[in-house]
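Subject: Structure for your review

Dear colleague,

Please find the structure below, together with its sequence. My notes on the packing of side chains follow it.

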Amino acid sequence: MKSLSLHFARLVIRYRIAFVCFCILLSLFFLYNLKNLSIHTNVNDFTPKNHSYMQVQAKLTSVFGGLNQVSIAIVAKEGDIFRRETLEKVVRITRKLYLMEGVNQSRIISLSSHKIKDVRANESGFVTKRLMREAPGTKESMEYLKKAILRNPMLYGPIVSKDLKATLILADFEPQVPSKFLFQELRNITEAEKDSNHEIYMAGRPILEGWLDHYIPAMFKVLFGTILIMITLLYITFRSKRGVILPILSATMASIWGLGIIALLGYKLDPATILVPFLIMALDICHSVQLIKRYYERALINPDGREAAQRSLHSLFIPALVSLITDSLGFFTLIFIPIPMIKSMALAAGIGAISSLFTTLTFIPPVLSLLPVPKKSEVEREEKANVIDWILTRISFLSSKPFLRLSVVIILVILISAGIFGTTRLVIGDNEPGSSALYPDSPYNIAENMINTKFSGSNPYFILVEGREGRQEPLISSGVLKEMDSLEKYLKEKIPEAGYTISLTDYIKGLNLTMEGGNFAHYKIPDNDNTIAEYLFLYSISGFPGDFDPVVSSNYQYANIKMDLKDHRASTIKKVMDTTAEWIKNNHHNQDVTFLYPGGVIGTLAAINEIITRTLPDSILQISLATFLCVVLSYSSFVSGFLLLIPLAFGVLITFGVMGLLGISLTLETLPIASVGIGLGVDYGLYVVSRMRDEITNGGNSIVDDAILRSLVTSGKAVFFSVTIVAIGVFAWAFSDIRLQAKLGIALGSLIVLNGLGALIILPVLIRMIRPGFIFKAKIKNGG
């Protein structure tokens with residue numbers, strides 16, 4: 001490896017002009033291709049398409065159309081909704097929804113929708129008419145509408161709030177329709193209807209993703225501020241133009257290369273992957289700092305710019321190569337997670353890390369060799385001892401005395417134990433009402449809270465009822481419908497978060513109630529199959545074709561039970577699924593149908609939570625194994641692999657432990673933390689270990705403690721600055737309007753700091769205690 005690094009360094013410096021031109025031309029090529037890169041959010045990018053729950057969702061969609069629900073609530077500030085001006089808004093919004101692209105017209109529900117009927121019974125059967133084609137124009141017609149709503153349990157409560165001050169409009173859309181388009185269209189429709197006495201709220205997955213897209217431009221301001229912070233910290237670190245401009249140029253090129261390749265491959269960015277270019281910039285700066293620090297160190301010994309650049313590249317080639325390989329592997333291991341958003345993030349970051357490998361090793365050293373040799377005053381100013389040297393010197397003392405080393409190990413064991421305990425309390429999935437992707441006071445979460453308060457929830461949970469193949473019209477059965485009704489009642493009884501529930505049983509019970517003169521004792525499923533068939537036939541004579549399409553297929557082979565939940569917390573999802581399974585196990589006896597679940601938003605989130613639970617350990621194991629093998633191959637020592645993994649395990653366990661203890665859930669957006677953190681964290685340890693090895697085997701330091709001190713005030717100092725620059729840059733994401741980005745920034749920044757502390761404190765102590773052979777090749781005098 002040493003001969004390889006020497007040959008590579010000589011090659012790069014010998015053809016330095018060619019390498020610099022190649023990097024610039026390639027950057028321009030990829031920069032041109034960025035015109036094809038789009039930024040938007042799509043619901044399908046967040047779902048594991050091949051998961052069994054998503055297969056249920058796919059079947060529901062194929063039978064009943066798009067189930068991508070949007071809830072729109074119209075709330076009267078004064079009085080109730082039974083005013084002409086309020087109901088005219090319902091009529092106008094409903095009509096515009098029918099004309100929207102991608103809408104599932106059969107699943108539009110409002111006081112003015114085609115499906116909502118006023119049903120009366122007479123001697124001939126049923127008389128049905130549309131509940132509200134136009135807003136009532138007289139006091140009598142308004143009173144008639146109010147009474148019709150109050151006596152209909154499918155409207156009073158679910159569609160009109162109990163206090164009569166709000167009404168709900170529900171619409172489902174096909175999943176392939178872009179959320180950005182839906183959000184903009186629906187926002188235009190609802191904004192036009194707001195006035196001094198009416199508030200309009202929207203919730204649902206398309207609206208959430210629309211808000212995420214809406215906040216992306218503001219995120220660019222935060223990320224621009226991140227770059228300014230990095231530039232400032234680079235100037236504080238080097239106090240020279242080359243120390244600021246070269247890392248920024250290299251990092252920018254790496255980001256452009258990564259994004260350019262993503263654009264060529266046809267991928268896009270979303271609120272999670274948009275952070276990747278800036279993560280790559282931070283990563284590239286980390287390695288650039290090491291190279292430039294080593295360059296100044298060499299320039300102080302030998303004021304020959306070409307020689308200093310070549311020796312710096314030769315010294316750091318192995319740790320830089322291994323670091324960047326583990327960085328890219330850390331990202332690429334996420335490709336195995338079957339969620340498109342995570343795959344695109346992994347691909348973008350992995351390609352960016354590989355790009356960083358080339359820009360760091362083939363751009364910075366050649367440019368340094370072409371620049372004038374830094375003046376002696378510049379080198380001395382950069383190498384001058386400061387408060388960081390004082391801190392690192394004190395840190396080196398921790399490894400010099402047996403008592404201090406033992407204290408560090410004891411503290412390490414205590415913290416790791418606490419971390420392990422905390423991880424046992426880690427919650428997979430959301431653990432709070434509303435969307436964890438946005439702040440509680442965001443317009444979306446305010447809207448969802450309002451809808452949940454006034455009505456019965458905005459998180460649909462579907463159960464598909466599938467008839468046995470070969471059985472004709474299996475849903476026209478008293479036994480089947482009674483089982484469906486029993487399941488609905490059981491869920492409502494056992495799930496406090498359960499809200500509005502609708503299925504074919506509710507229609508049949510309503511028809512039976514009407515036929516029996518409105519006596520609520522008859523709000524039940526008839527015992528006779530023929531009675532049910534007769535009700536359906538009589539209704540079809542006067543009803544609108546397809547009135548039952550939202551709840552049952554035309555051949556009565558498939559039906560669905562829809563329940564709106566007041567939140568989508570992980571505990572609620574688990575509870576509703578466990579309760580469904582419990583009912584099926586104990587009460588489902590009819591062999592003509594099968595109950596398949598979960599569908600809707602709850603099914604999607606349940607699938608995501610299961611994917612996280614299943615893939616997180618695998619992901620950590622994969623990147624740990626890849627890191628271990630890279631380190632072992634680099635140093636030809638198994639001990640080196642274990643040694644460098646200990647600080648990384650410390651960082652990951654503490655981060656997840658704190659999340660568990662503080663009740664911060666692990667969601668799809670924070671899933672990459674472990675893999676990314678391990679991939680990035682090993683960099684710091686590699687630079688410290690490589691420098692310590694050089695000091696002991698080649699540097700003439702015969703005293704172990706002196707070698708540790710020298711390593712910390714040189715490479716350790718560069719690590720300190722790298723951690724500071726990268727961590728502060730990532731912590732800046734905390735100012736994003738998108739909470740998922742803020743959470744990712746805080747968690748990842750914390751993990752980077754912990755990894756840095758592990759490299760500067762834990763690693764030297766362990767090396768001093770273990771005295772691994774891959775470092776201590778020469779006979780060394782024990783200095784402590």
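Does phenylalanine 721 count as buried or exposed? In this predicted model, phenylalanine 721 has a relative accessibility of 8%; because the limit for a buried residue is under 20%, phenylalanine 721 counts as buried. Phenylalanine 720 reaches 26% relative accessibility and therefore counts as partly exposed.

Aromatic pairs

There are 14 aromatic pairs by the rule applied. One of them joins phenylalanine 720 and phenylalanine 721 in an edge-to-face arrangement, with 6.1 Å from centre to centre and an angle of 85° between the planes. Elsewhere, Phe29, Phe30 and Trp257 are linked by ring pairs into a cluster.

Nonpolar cores

The largest nonpolar core comprises 252 residues. Within this core, the residues with the most contacts are Leu97, Leu111, Phe595 and Trp733. Leaving aside residues up to four places away in sequence, tryptophan 733 touches Met219, Val222, Leu223, Thr226, Leu275, Phe278, Leu279, Gln741, Ala742, Leu744, Gly745 and Leu748.

Charges over rings

Two further placements concern a charged side chain and an aromatic ring. Lysine 162 is positioned over the face of tyrosine 156, 4.3 Å from the ring centre. Arginine 771 has its charged end over the ring of phenylalanine 776, at 5.0 Å from the centre of that ring.

With kind regards

Definitions and conventions. Residues numbered from 1 in each chain as written. Predicted model: local features only at pLDDT ≥ 70, side-chain atom pairs only at ≥ 80, totals over all residues. Heavy atoms only, no water. Core = buried A, V, L, I, M, F, W, Y, C linked by side-chain atoms within 4.5 Å. Buried < 20%, exposed > 50% of the residue type's maximum accessible area, 1.4 Å probe, protein only. Contact = heavy atoms within 4.5 Å. Phe/Tyr/Trp six-rings, centres within 6.5 Å; stacked < 30°, edge-to-face > 60°. Lys NZ or Arg CZ within 6 Å of the ring centre and 35° of its normal.
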